[in-house]
Amino acid sequence: MSRPLPAAGRYALRVASLVAALGVWQALTGLDIDLWLRFSQFPTATDVAHAFADRLAGPDYWTDLTDSLTRILSGFLLAAVLGVATGVLVARSRLAEDLLGPVLEVVRPIPAIALVPVAILLFPSNEQGIVFITFTAAYFPVLVSTRHAVRALTPAWEEAVLTMGGGRWRILGSVVLPGALPGIFGGLSVGIGVSWICVISAEMISGQYGVGYRTWQDYTVVDYPGVFVGMVTIGVLGWLTSTAVELLGRRLTRWLPRTSYDTGSRPRNVRTAPSARGPESAVPAPKTEEARDEHLV
């Protein structure tokens, strides 16, 4: 069984994979290879890099970046608060489930981007409409994940709090929300990714400024390196925000046991206790604190 790579080796491997992907991109586009896919129509990686450098030197790029981040954070934070609250309410109350459940289940399958005409008619400005689209995209993944996580909690925890004299708010604060946090952050991770998809699409349709708006404008004037600059920017922003949500979730759920990547690893510090039947029948001693910490992140 192979030994796990150290942290530095893993990061080097990740960088190498990105460099290899860029090298393949440069080779396919630079050599104008046309097999079934028409790579000759693509800009090369160096062309995109030059366009990226030009954009970074101008003010429009940073204005677009600020506008998109403002829209995504406004809609996502609103969806996180309301999605968690609605998910807990529906999971804990039969009355709320009967009243809200049918409406939510009918609206949930509708793609958020399909609500652009509704947002245009409903809100007085395009900015508010784009935030609404972003909110809708993240709201339902958070709601569904929260609802399932709360319903999956074992009743024994709640009964223990009731036995010690705790009330509903005590159960909510010490059992329901902490126990459902892993599921909640799973929904938040999905929601932030879907939000980026929808906010970029909404900016392309009805936005003024923003990464999606600028990417569409570059396409209309046949500036393909600029289009790829927008695509790379969207990818990097999505990765950074998703990583931030994941790190926050790990921070808030650090009390959970986590398995390592090498599931077949054995504790390094194992002592054997003497036995009357000889050394062949020696039994391993309890794991030390260091051995237990190997499986925690």
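**Close-up views of salt bridges and aromatic pairs**

The structure, a predicted model, holds 9 salt bridges.

**View 1. A salt bridge between Arg71 and Glu203.** The closest N and O atoms of the two side chains are 2.8 Å apart. Arg71 belongs to helix α3 (residues 59-92) and Glu203 to helix α8 (residues 168-206), so the contact ties together parts that are 132 residues apart in sequence. Arg71 is buried, at 1% relative accessibility, and Glu203 is buried as well, at 0%.

**View 2. A salt bridge between Arg151 and Glu97.** Here the closest N and O atoms are 3.0 Å apart. Arg151 in helix α6 (residues 126-151) is linked to Glu97 in helix α4 (residues 94-107), 54 residues apart. Arg151 is partly exposed, with 41% relative accessibility; Glu97 is partly exposed, with 32%.

**View 3. An edge-to-face pair of Tyr139 and Phe140.** A search of the whole structure finds 9 aromatic pairs. Tyr139 is buried, with a relative accessible area of 9%, as is Phe140, with 10%.

**View 4. A tilted pair of Trp216 and Tyr219.** The centres lie 5.4 Å apart, with 35° between the planes. Both residues are in helix α9 (residues 211-220), about one helical turn from each other.

Terms used
Residues are numbered from 1 along each chain as its sequence is written. This is a predicted model: local features need pLDDT of at least 70, side-chain atom pairs count only at pLDDT 80 or more; totals for chains, interfaces and linings use all residues. Side-chain values use heavy atoms; hydrogens and water are left out. Rings of Phe, Tyr and Trp (its six-membered ring) pair if their centres lie within 6.5 Å; planes under 30 degrees apart count as stacked, over 60 as edge-to-face and the rest as tilted. Buried means under 20% relative accessible area, exposed over 50%, partly exposed in between (1.4 Å probe, protein chains only). Helices (H or I, at least four residues) and strands (E, at least two) are DSSP runs, numbered from the N terminus. A salt bridge is a side-chain nitrogen of Lys or Arg within 4 Å of a carboxyl oxygen of Asp or Glu.
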